[in-house]
Amino acid sequence: MKLQFTDQLGYTINLPSPPKKIISLVPSQTELLFDLGLDKEIIGVTKFCIHPLEKCKTKAKVGGTKNLNIEKIRELQPDLIIGNKEENTKEDIELLRKEFPVWISDVSTLEDAMKTITDIAQLVDREPEGAYLNHLINAGFTDLQTLALQYRLEPRTVYLMWKDPYMMAAADTFIGDILMKAGLVNIAKGIRYPETTLEELQRMSPELILLSSEPYPFRDKHISELKAAIPGADIRLIDGEMISWYGSRLVKTVGYLFDYQKSLK
């Protein structure tokens, strides 16, 4: 096993042996670790780590992604902590780095997500399993892009993930990249998650508005509210986990987006 690793922010950690006590600070990466077969090695997860539910329920909880319980982490004495630049705070990570090996991902595209799978698989000595996941993901998204061309999918799309105020996922996010690879044209202007209003949405004239199930739990009633203001748009609910979670969830995302493409053509 490789002994020295550099995370996606450029920090180097040393692991004398495959980690036996892992804490995961990000739900999608927790799911990945379980899918890599690390049921016994995972000792701590956040309260938002819910997949796979039966396994996550048995692990110690170390707070939320942005308000970690540092004392609980110290009690667990992990030999590896895995987090993410966007999901966890810089202050928490810098504090933990002083005491434990901490590896941080930085994911904005599908390609970043696949590299994260490769890197984490190397970290935990599960390289064949990681390579197989990436094979499935790459093949699936290649087919998705082919079908998007065949169906001539290119609806002008807005992905809403918050309300009061409305917030959109812009093109420079992981969500934006996944939408593009599924054949949707993200028309949200701005950086990361810009705020918007009903009036601005009307001016944008989207053909498709996607209402995410997380972090804001959009429901059917919100479709009616938006339809009244933007009657020309096709407004739909979408599973936020399938679009915003990276890691092994992307294998399921492919099938989900296949069905979504068929419903749009």
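**View 1. Eleven named residues form the lining of the second largest pocket in this predicted model.** L9, Y11, N84, K85, N88, T89, K90, I93, E94, R97 and I104 line this pocket. The second largest pocket holds about 170 Å³ of space. Helix α4, residues 90–97, gives the most to the lining, with four residues. By class, the lining divides into four nonpolar, three polar and four charged residues.

**View 2. The largest pocket has a lining of 31 residues.** Its volume is about 880 Å³. Nearest the centre of the largest pocket lie E86, E87, E214, P215 and S244. The lining has 15 nonpolar residues, along with eight polar and eight charged ones.

**View 3. A cis peptide bond joins E214 and P215.** Omega is about 0° at this bond. Most peptide bonds are trans. P215 sits in the loop between β12 (208–212) and α9 (220–229). Both E214 and P215 are among the residues that lie nearest the centre of the largest pocket.

**View 4. H51 and P52 are also joined by a cis peptide bond.** Here omega is about -10°. P52 belongs to the loop between β4 (42–45) and α2 (53–56).

**View 5. G64 is a buried loop residue.** The loop runs between β5 (60–61) and α3 (70–76). Is G64 buried or exposed? G64 counts as buried because its relative accessibility is 1%, under the 20% cut-off. Leaving out residues up to four places away in sequence, G64 touches T46, K47 and F48. C49 is 15 residues from G64 along the chain. The C-alpha atoms of G64 and C49 are separated by 9.1 Å.

**View 6. The largest nonpolar core contains 48 residues.** Which residues touch the most other members? They are L123, F141, Y159 and L250. Helix α5, residues 110–123, supplies the largest share of this core, with seven residues. A second, separate core has 18 residues, including A188, M204, Y216 and I223.

**View 7. Y159 has contacts with residues beyond its sequence neighbours.** Neighbours within four places in sequence are left aside here. Y159 is in contact with M167, M168, A169, I175 and L179, among others. Its contacts also include L210, S212, I238, G240 and I243.

**View 8. Q77 has a positive phi although it is not a glycine.** The angle is about 50°. Most residues other than glycine have a negative phi. Q77 is in the loop between α3 and β6 (80–84). At 45% relative accessibility, Q77 counts as partly exposed, because that value falls between the 20% and 50% cut-offs.

**View 9. D125, which is not a glycine, also has a positive phi.** Phi is about 65° at D125. D125 lies in the loop between α5 and α6 (127–151). The relative accessible area of D125 is 37%, so D125 is partly exposed.

Definitions and conventions: Residues are numbered from 1 along each chain as its sequence is written. This is a predicted model: local features need pLDDT of at least 70, side-chain atom pairs count only at pLDDT 80 or more; totals for chains, interfaces and linings use all residues. Side-chain values use heavy atoms; hydrogens and water are left out. Helices (H or I, at least four residues) and strands (E, at least two) are DSSP runs, numbered from the N terminus. Buried means under 20% relative accessible area, exposed over 50%, partly exposed in between (1.4 Å probe, protein chains only). Contact means heavy atoms within 4.5 Å. A nonpolar core is a set of buried Ala, Val, Leu, Ile, Met, Phe, Trp, Tyr and Cys residues joined through side-chain atoms within 4.5 Å. On a 1 Å grid over the protein atoms alone, a cavity is a set of points where a 1.4 Å probe fits but cannot get out, and a pocket is an open set with protein on both sides within 12 Å along at least five of seven lines; lining residues have an atom within 4 Å of a point. Grid points are joined across faces, edges and corners, and a volume is the space filled by probe spheres set on the points. Ala, Val, Leu, Ile, Met, Phe, Trp, Tyr, Cys and Pro count as nonpolar, Asp, Glu, Lys and Arg as charged, and the others, Gly among them, as polar.
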